[in-house]
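Subject: Structure handover

Hello,

Here is the structure I promised to pass on. My notes follow below it.

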Amino acid sequence: MKTKTVTVTITWALILLAGRAQAQIYDTNNDMVSTFAGYGIPAYVDGQGLLTAFNNPTQIVSDTSSNLYVWDSNNQRVRKITPDRTVSTYVGGGSYFDGYGTNVSLGWGQVSAMAIDNANQLWLVMANSYYGGNTYLLSIDTNGYVAMVNGGLTNLTSSSGICFDSANNLYYSGGNRIYRYSPGNGTVQPFAGSGIPGYFDGQGTLLTAFSNPTALACDQADNIYVWDSGNERIRRVDQLQNVTTVAGGGGYYVYYPADGVGTNATFSMINSMFFDHAGILYMVCGSCVRKMDAQTNVSTLAGAFYQTGYNDGPGNIALFSSADGGCFSQGMVFVADGGNNRIRNITFNAQGQPVAPANLQLNTYPGVQITGAIGRTYQIQSSPNMNTWNPVATVLLNSSPYLWIDRNPVAGNKFYRAVLLP
C-alpha cells in the first residue's frame, strides 16, 4: 500500500513538472537581451551606460525624443537616460515638495506608477505619503518643474495603474473600477466597473465588474487594456465603455502561467503593460517579459516563469529579477530590472550588418605590454630615434600583464618605453 501511494505521488509530480516545461512558448523573432545602463551594484552614480548605478529601478517611460525616464526607487529620484546612454538625475534629491529638478524632494512617499502624456509631461502616483498616508498625483513638465496636481482623486491607491489616451485623458485603476481623469479641468468620472468586486464583461459601470485591477495600457485606438489581477485576466475597455476579456483563463491563484491564445493563456503576475507602434502589447511579469499580438497570441519574449537571476543573451536564456516597469522606444523594449539594479533592453531580429569595403581602412597599430605592479601608474613614452622621448599616455595598471594600444596608426620607425611614476 505504501509503495502504491509513493508511486501515485511521484506520477503527479512528473505530470506537473512536464506541464510547467511545456507552458512557456518563446517568441521566434530572434530576441536578444542586453544591459543598457547600470552595473548591477545598488548605488547612485550618474554617467555613461554600464558605468552608472541604480538602486531598485521600478518604473520606466520614454518621450518622443527617445529619452528614458526611470523611477529609481531607493534613490528616490527620477533619472534620465538619453539614447547614447548618458544617465543624469532629472528630478529629486532636494528639499522642496514642488519646484524644479534636483531642488525637489521625492522622498515623502513612494512612486507606485508612472506614465508620460502626449506633451512629454511625466505623471507619477505618489503613494503612502507622509501626508496621512494619502496617495497623490504629481506632474513633471519638460522643464523639470514638479507640481502636486491632485491629492484627492477617488480611489487612487498604491496599486493604481495609469495611462493616457490620444486626447490626453488620464485613466487610472482603483476601487475595482477604471476612472477617466481630465487634467485640463480636473474632472473625474467612473469609466468601467461597478466598484463591487467580481467578474462581468458588458458595457458601462453598472453591468461590468473587476477585481483589484492594477496595470493599464492604451493602444492607438484608445482602447484601455486592464490587468484585472483578482480575476487573473487581461480585459479591454473601448471608448464606448464595452468591457471584453481578451486573454487569461482566470480562476483563483494561477500557480503555473502558460502561453497560448486568448483565454487559453494564463497569468499569475503582471507588473506593467505597454504597446508598441504595431499594436503589440507587452507585459513585464517579474521574472519574464511576455507579449500579445492583435490575434491575442501570447508568448514569452524573454526570461523564465520559474527562474530569476541575471543573464543577457537570447530571450530563452535571459534572466530577470523583480522586473517591474517597461516601455517601447527606439524599436526596442526597455525594462526596469529592479532586482538586478539595471536597465535592460530587448532587440528584435538582431543580425550583424557587414560594413562595406569602402568604409574599411587597414592600418598598423602598435601595442605595448607592461608587466608591472597592479595599482601603480605608468607613463607610456614614444620616440622616433630613441634619443628624444615624448609622453603619449598615462595608464593605471588594473592587471598584469597589461596591454596598451596606440590609437594612432604608425608609419616608419617608432619606439616605445614605459616609466613607472612615483
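Rings of Phe, Tyr and Trp (its six-membered ring) are taken as a pair if their centres lie within 6.5 Å; planes under 30 degrees apart count as stacked, over 60 as edge-to-face and the rest as tilted. By that rule the structure holds 16 aromatic pairs. One of them is W123 with F164, a tilted pair at 5.7 Å centre to centre and 50° between the planes. It links distant parts of the chain, with W123 in strand β9 (residues 122-127) and F164 in strand β12 (residues 162-164), 41 residues apart. Both W123 and F164 are buried (under 20% relative accessible area, 1.4 Å probe, protein chains only). F274, Y282, F328 and F348 form one aromatic cluster.

The model is predicted: local features need pLDDT of at least 70, side-chain atom pairs count only at pLDDT 80 or more, and totals for chains, interfaces and linings use all residues. Residues are numbered from 1 along each chain as its sequence is written, and side-chain values use heavy atoms, with hydrogens and water left out.

The protein chain has 1 helix and 34 strands (DSSP runs: H or I of at least four residues, E of at least two, numbered from the N terminus). Of its 422 residues, 49% are buried. Strand β3 (residues 57-62) is largely enclosed by the rest of the structure, because 6 of its 6 residues are buried. β3 runs antiparallel to strand β4 (residues 68-72), joined by 5 bridges (strands pair if DSSP finds at least two bridges between them). V61 has Y69 in β4 as its bridge partner.

Regards

Methods: Buried means under 20% relative accessible area, exposed over 50%, partly exposed in between (1.4 Å probe, protein chains only).
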